[in-house]
Amino acid sequence: MRISDRQRLFHLYLHESWRRFSRRLALGRNSAFRFTGKAPDRLIVAPTDLRAVDPFVAEEIMQGRFPLAGRVLDTEGESPFEMDLPSQEFAVRLHGFGWVRHMRSIKEEDALRHLRHLVGGWIETHGRRIGGIAWDADIIAQRLIAWLSHSPIILRDAEHAFYRRFLKSLALQVRYLKHVADTTCDGEARLRVRIALAMASVAMPASEATIRKAARNLDAELDRQILPDGGHCSRNPRTGLELLLDLLPLRQTYVNLGHDVPAKLIPCIDRMYPALRFFRHQGGELALFNGATSTLANELMAVLRYDETAGAAFKALPHMQYQRLAAGRVLAIMDTGMPLSPELSRTAHAGCLSFEMSSGRHRFVINSGSPKFAGERYRQMARMTAAHSTVTVQDHSSARLSQSRFLGPIVTGGVSRVDCVRQEAEPDSIIARHDGYVRSFGLVHERDISLNGQGTVLRGRDRLLQQDGTDPAATNTASAVARFHIHPAIVLRQHSPHEVYLTAPDSETWLFTCRDSEVEIEEDVFFADPSGVRQSSQIAVSFTAAAQPEIQWVLSRQT
């Protein structure tokens, strides 16, 4: 390991140690008693929840079965909060209480009584002592937003004793969250904490000073995390959607109650919409980059119907570091960046220079995406370069992912520089290169893709070169594979050793051609399917640094 690598790791360990020390210092004794105080006597408003309701989930919960995170827990009459849970992700969903929204679909008193029993069960088993996953800052923020948004059904016809316990628990969680907000991991979790605290400040009785302070803290976090081009600093396309689902109700709550809206809130929302449209394929799905998983059409439409900035999507997001080619019915999106910081790389994928291509309502070339519910093993597999439509050298990823339990799954090395040039002449083209393989193999990966004005031909070139721009040395025996992951709905048919047909369900057909090397169809895994991990196919083109440093390929629509 080089000295610079050691220094980088030392800095990362030092940073994480300081964050954890600051957290322990802020908390002191791990006791809920420390955060007790006066409870509010009422709630002022219930913010709207824009997320979709599923009556089936509500019926299952009524029967004692919890279908969360791709698993089903049959409680057989017991409290789910006193049982061993099927997975970490299941625990996150259960303690976050996002499932409460589904109970809105059932009007019977028995359902509401059962819901109060479940909420009371959580307060009894987890609300008296701070600790465990239920008290992670991000989980508390999710729970506060859910409890406040759905307080009308939780508290409908509730006895006074339950009403008081509920408000007391809300107040305790708010006080605790204020203490840990600054020590929460950077990124989406920390911003959601500030959203929850701002929401609590207007939904619960609070002084004007408290409301203003929560608004200032939210402004500061929005200003830091929402980039000038509207993207989120995690570089995950789906994060913007998740945040808008909470920011839009918060904005409306400020307006309805006559409070001054935080100065950054509306401008940030307005910037986020064009970035969200940038990643939207015509079929309604979001592109799968850097931790993005499946997006249901009703999720996206729930947010887009409030879009007041309607207009054409940008050609590039320079701060989020993505490029977009569009012509006719065809769209291609390319990742031309790297994590903005190690702490923001916890969900980043090693997919530099990967791209996705769709035509009409069908996605043809995709990335494998991130699994929605699968365990950590699959989640880490999905982050590897081989799971993306880009070039892999010697089966190594272009980014090094930490295996340290202390640091967490951050990126510790690999790509340190990405250069990108846009040429907007006919055809519109993107030329980009990254240095992720320089340390290991002395190679730079350069890719350029171009789309003709009719949207019928997408051309690409992948090249391996040395840092000075020359061809690799004759002694460099490194081998490479250019992978093109194909959506499971697309049927592949080998036409010749250099050609493969891609056919969509409506018979739209594209021909993939590479004359520089043989084209192979291989088995693949699609991680981001709504139903779970799914089998799919990929196109693979192999070449070597010394003998064949460059390949050119073409995707052409067939008439």
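Predicted model: local features only at pLDDT ≥ 70, side-chain atom pairs only at ≥ 80, totals over all residues.
Local features need pLDDT of at least 70 and side-chain atom pairs count only at pLDDT 80 or more, while totals for chains, interfaces and linings use all residues. Residues are numbered from 1 along each chain as its sequence is written, and side-chain values use heavy atoms, with hydrogens and water left out.

**Helix H4**
- Helix H4 (residues 109-126) has 18 residues and spans 26 Å between its first and last C-alpha, close to the 26 Å expected (1.5 Å times one less than the number of residues); helices are DSSP runs of H or I with at least four residues, strands are E runs of at least two, and both are numbered from the N terminus.
- Its buried residues (under 20% relative accessible area, 1.4 Å probe, protein chains only) include Leu115, Arg116 and Trp122.
- Among the elements covering the buried residues of H4 are helix H2 (55-62), strand S1 (65-68) and helix H7 (160-180).

**Aromatic pairs**
- The model has 21 aromatic pairs (ring centres of Phe, Tyr and the six-membered ring of Trp within 6.5 Å; planes under 30 degrees apart are stacked, over 60 edge-to-face, the rest tilted).
- Trp135 and Tyr176 are edge-to-face, with centres 5.2 Å apart and planes at 85 degrees.
- Trp135 lies in the loop between H4 and H5 and Tyr176 in helix H7, 41 residues apart; both are buried.

**Ser354**
- Ser354 sits in the loop between strand S5 (330-335) and strand S6 (355-359) and is buried at 0% relative accessibility.
- Its contacts (heavy atoms within 4.5 Å), not counting residues up to four places away in sequence, include Phe289, His388 and Arg447.

Key:
Buried < 20%, exposed > 50% of the residue type's maximum accessible area, 1.4 Å probe, protein only.
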